[in-house]
Amino acid sequence: SPSNYDGKWRGVISMRTAIQYSVNVPAVKFLQLIGIDAGYEMVEKLGITLDGDSDKGLALALGGLTHGVSPLEIAGAYGTFANGGVMNESHFITKIETASGKSVVEYKKASSRVVSKSVSDKMTSMMLGTFSNGTAVSANAYGYTMAGKTGTTETSFNEDLIGDEWVIGYTPDVVIAQWMGFEHTDENHYIIDNYGA
């Protein structure tokens, strides 16, 4: 059972439980089931920059991309689920004004439907457990119901050590993407796993 998770899952678990405890095999199996091309196309629709054939593999299910993913891109992708399936273009600056208040440039909202509200609601439902009693329980914001996902990358020199970790959390009003790690890991630069993600 998830309460006595020892790192070795046996048998069949639900995707909800897999997301909650950051168990990777079901996501990889699901990508294998739907086909890498379909998964690749959806990741592109969610605004994640991909690198052609080098990103067309099963690592796509875990975010194992050639050039990685920026916090801005991943927040935009998860924001699609927070917005009921509609993706809003990510941006940093809303408006630039002169000292007298005259608008020089103003951001014009751009959005598109990526998935149906039904699919978005199901994705959110599956990710609620991550913050309520899964790998991000210690990051849960008091008074909010959050959905999201956590992840880690092991170091190349020791599979028991972590090179980086991230957490994406969202409510209907806000999406937060946090990454922590080292650009280059070595025996002196790694993270001690506190979350079990």
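1. Helix α5 first. Its buried residues are covered by elements that include α1 (15-20), α4 (71-82), α6 (129-132), β5 (147-154) and β6 (162-170). Cover here rests on contact, meaning heavy atoms within 4.5 Å. Helices (H or I, at least four residues) and strands (E, at least two) are DSSP runs, numbered from the N terminus.

2. Ground rules. The model is predicted: local features need pLDDT of at least 70, side-chain atom pairs count only at pLDDT 80 or more, and totals for chains, interfaces and linings use all residues. Residues are numbered from 1 along each chain as its sequence is written, and side-chain values use heavy atoms, with hydrogens and water left out.

3. Which residues of α5 are buried? In this helix, residues 117-127, they are Ser-120, Thr-124 and Met-127. Seen down the axis of α5, the buried residues fall within an arc of 65°, so they line one face. The arc is that of the directions from the helix axis to the C-beta atoms. Buried means under 20% relative accessible area, exposed over 50%, and partly exposed in between (1.4 Å probe, protein chains only).

4. The side chains of Asp-121 and Lys-117 meet at 3.0 Å, N to O. Both residues lie in α5, four residues apart, about one turn of the helix. An α-helix has 3.6 residues a turn, so residues three or four places apart point the same way. Asp-121 is partly exposed at 38% relative accessibility. Lys-117 is also partly exposed, at 48%. A salt bridge is a side-chain nitrogen of Lys or Arg within 4 Å of a carboxyl oxygen of Asp or Glu.

5. Other salt bridges. The structure holds four. One of them joins Lys-45 and Glu-41, at 3.5 Å from N to O. These two are four residues apart in helix α3, about one helical turn. Lys-45 is partly exposed at 41%, and Glu-41 is partly exposed at 43%. Another pairs Lys-95 with Glu-97, whose closest N and O atoms are 3.4 Å apart. Lys-95 is partly exposed at 41%; Glu-97 is partly exposed at 44%.

6. The core. The largest nonpolar core has 20 residues. Those with the most contacts inside it are Ile-48, Leu-50, Leu-60, Tyr-78, Phe-81, Met-127 and Tyr-170. Helices α3 and α4 and strand β6 each supply at least two core residues. The largest share, four residues, comes from α4. Such a core is a set of buried Ala, Val, Leu, Ile, Met, Phe, Trp, Tyr and Cys residues joined through side-chain atoms within 4.5 Å.

7. What does Ile-48 touch? Leaving out residues up to four places away in sequence, Ile-48 touches Val-43, Leu-65, Val-69, Glu-73, Ile-74 and Ala-77.

8. Helix α2. In residues 25-34, Pro-26, Val-28 and Leu-31 are buried. Their cover includes α1 and α3 (36-45). Gly-35 follows α2, with a positive phi near 100°.

9. A nonpolar surface patch. Leu-72, Phe-92, Ile-93, Ile-96, Val-104 and Val-105 make a patch of about 590 Å². Val-105 lies in strand β3, residues 103-106. Val-105 is partly exposed, with a relative accessible area of 43%. Patches are made of residues with over 30% relative accessible area and no salt bridge: like charges are joined within 9 Å, nonpolar side chains (Val, Leu, Ile, Met, Phe, Trp, Tyr) within 5 Å. Accessible areas come from the Shrake-Rupley method with a 1.4 Å probe; for residues, only the protein chains shown count as cover.
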